[in-house]
Amino acid sequence: MIVRASLILTIFQCNFGNDIATGGLIWSKYQQNFVQLYTIPRFAALMSEAQARYRSFEFYNMHKESVRASYNEVSHVASFYDNDTKATGVSGELWILLADYLNFTLIPMKSKEGMFGKRLENGSYSGLIGTMKRNESEVILRTGLYRFRMRDLDYSTPIYKTRYHLITRPEWHYDNEWIITMFSKKSWCLIISLFVVLSMLGYFLQKIPDKNSKRKESSPDFNLSDHIFHTFAIMCSQGYLPTNYHKKFKILSISKSIFSWLVFLTFSAHLIYRMTNKRVVPPFEDIESLFEDTDYTILAFRGSMIFESFELKMRRMIAANPDLKDRVMFMNTREDMYRKVCYSKRKYAIFEVQDTFMAVSRFVCELLPVGRSYYRTWITFGIRKDLPYKRAIDIAIIKMHEVGLVDGLRDRWLLTKLENRKRSVFKMIDFNQVYMLFYILTVGLFVSFIVLGIEHIVFFYESKSAAEKKSIK
């Protein structure tokens, strides 16, 4: 038993390490069952040793060791000041807290290269990854967690989740159908139903026999079309109501007037808001619809974390349709990219990560994400593979999550109100806001002429038939 256990221990130590060996099972001939390895004294000692080693990393005091952290400047995400010797922003302040908690000296380094970096043909690396590979820095202040990057660097515990969007200047349009959409379909159905019921009710009420024969003779009967016409006039608060009609259906007429005024009060209460309200009309839903249905051009930053993947996708689409070549532009700086989308007369959509957009858009023009999202990932820190303090950093980030420091910094730097909002000034009501009124008036005018023509045709044939009957007699 001891020889077999020792042999298993040696194999586990050589292949997996002491920490994994202590979690295995072994057959006990005395108990005739599998037992945990740590119940054997020798394995129990190994487990205690492994736990002590991990705990020493958890409470590691880095004794003012220097940690160089590099990144290109992005406002509110990672900014540099005091001659680029100090960092701020959501990532910069997180590392300041880590330095204070783990007792190390943070040395921020503003990268002159705006690119995140990739492997070159000669085997070296460019951008931020290149500074890490050349031992010029130990940490990248911000990166996304992508599997294809794991061969180049380690990732810390995730900070928060983000995604990529197509972002453009919003196109605000008035709700030109406000006069129809003021009420829901159910409300319109109820109003029309009550209109029909009230018209029919007045028509059938006059069929009830009246005991006063003199009053019956003095009040003429109204046909169904008269009731519909006068009920519509009352509900629109327009038109002349005959005195005989009002006297004959006084209670019903007053009820119709009250109902019409309640509808008008509801309509008027929302009139100004609905008429002046604007809404964003998305010009496209995704990259495919952008190319097919619009004349927008896509701008992408070469230094983004997933630029290589996005560039490959665009090149495949261009290869399938060469006409799209001029519809995709790769920018070397974020400033040029945002300048184009904000101030150019051409229509642009930028491919940008959500947290960076939320930070940068506070100081440029009004921008909104359009369509679905792409490349969902976690924002984290890039750590050099041979850095011995990775576990201590991971544990510290977890503790910051537990006490809400990470959420607090993210809310402070990224989720505050936009500062580029301009005060709205009064604008005259233009034709786009009220053209539906003229449209309804025009339709009503045409319908009136049609009804008038039908009435003349009916009158002509009735007169002709009456004349023929007279001539026969």
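A: Trp 95 is buried in this predicted model, because its relative accessible area is 0%, under the 20% that sets the limit for buried residues. Phe 381 likewise counts as buried, at 1% relative accessibility. A search of the whole structure finds 10 aromatic pairs, and Trp 95 and Phe 381 form one that is tilted, with 5.1 Å from centre to centre and 55 degrees between the planes. This pair links distant parts of the chain, since Trp 95 belongs to helix α4 (residues 89–102) and Phe 381 to strand β15 (residues 368–383), 286 residues apart.

Another aromatic pair is made by Phe 460 and Tyr 461, whose rings are edge-to-face, 5.5 Å apart centre to centre and with 75 degrees between the planes. Tyr 461 counts as exposed, because its relative accessibility is 52% and the limit is over 50%. Elsewhere, ring pairs join Tyr 164, Phe 310, Phe 351, Tyr 374 and Tyr 375 into a cluster, while the ring of Tyr 125 has Lys 133 lying over its face, at 5.0 Å from the ring centre.

As for confidence, the mean pLDDT of the protein is 78, and 84% of its residues reach 70 or more. Helix α4, which holds Trp 95, has the highest confidence, at a mean of 91, whereas helix α2 (residues 18–21) has the lowest, at 45. Over residues 9–22 the pLDDT is below 50, and this stretch has 19 contacts in the model beyond near neighbours in sequence.

Key
Residues are numbered from 1 along each chain as its sequence is written. This is a predicted model: local features need pLDDT of at least 70, side-chain atom pairs count only at pLDDT 80 or more; totals for chains, interfaces and linings use all residues. Side-chain values use heavy atoms; hydrogens and water are left out. Rings of Phe, Tyr and Trp (its six-membered ring) pair if their centres lie within 6.5 Å; planes under 30 degrees apart count as stacked, over 60 as edge-to-face and the rest as tilted. Helices (H or I, at least four residues) and strands (E, at least two) are DSSP runs, numbered from the N terminus. Buried means under 20% relative accessible area, exposed over 50%, partly exposed in between (1.4 Å probe, protein chains only). A charge sits over a ring if NZ of Lys or CZ of Arg is within 6 Å of the ring centre and within 35 degrees of the ring normal. pLDDT is the predictor's confidence in each residue, from 0 to 100. Contact means heavy atoms within 4.5 Å.
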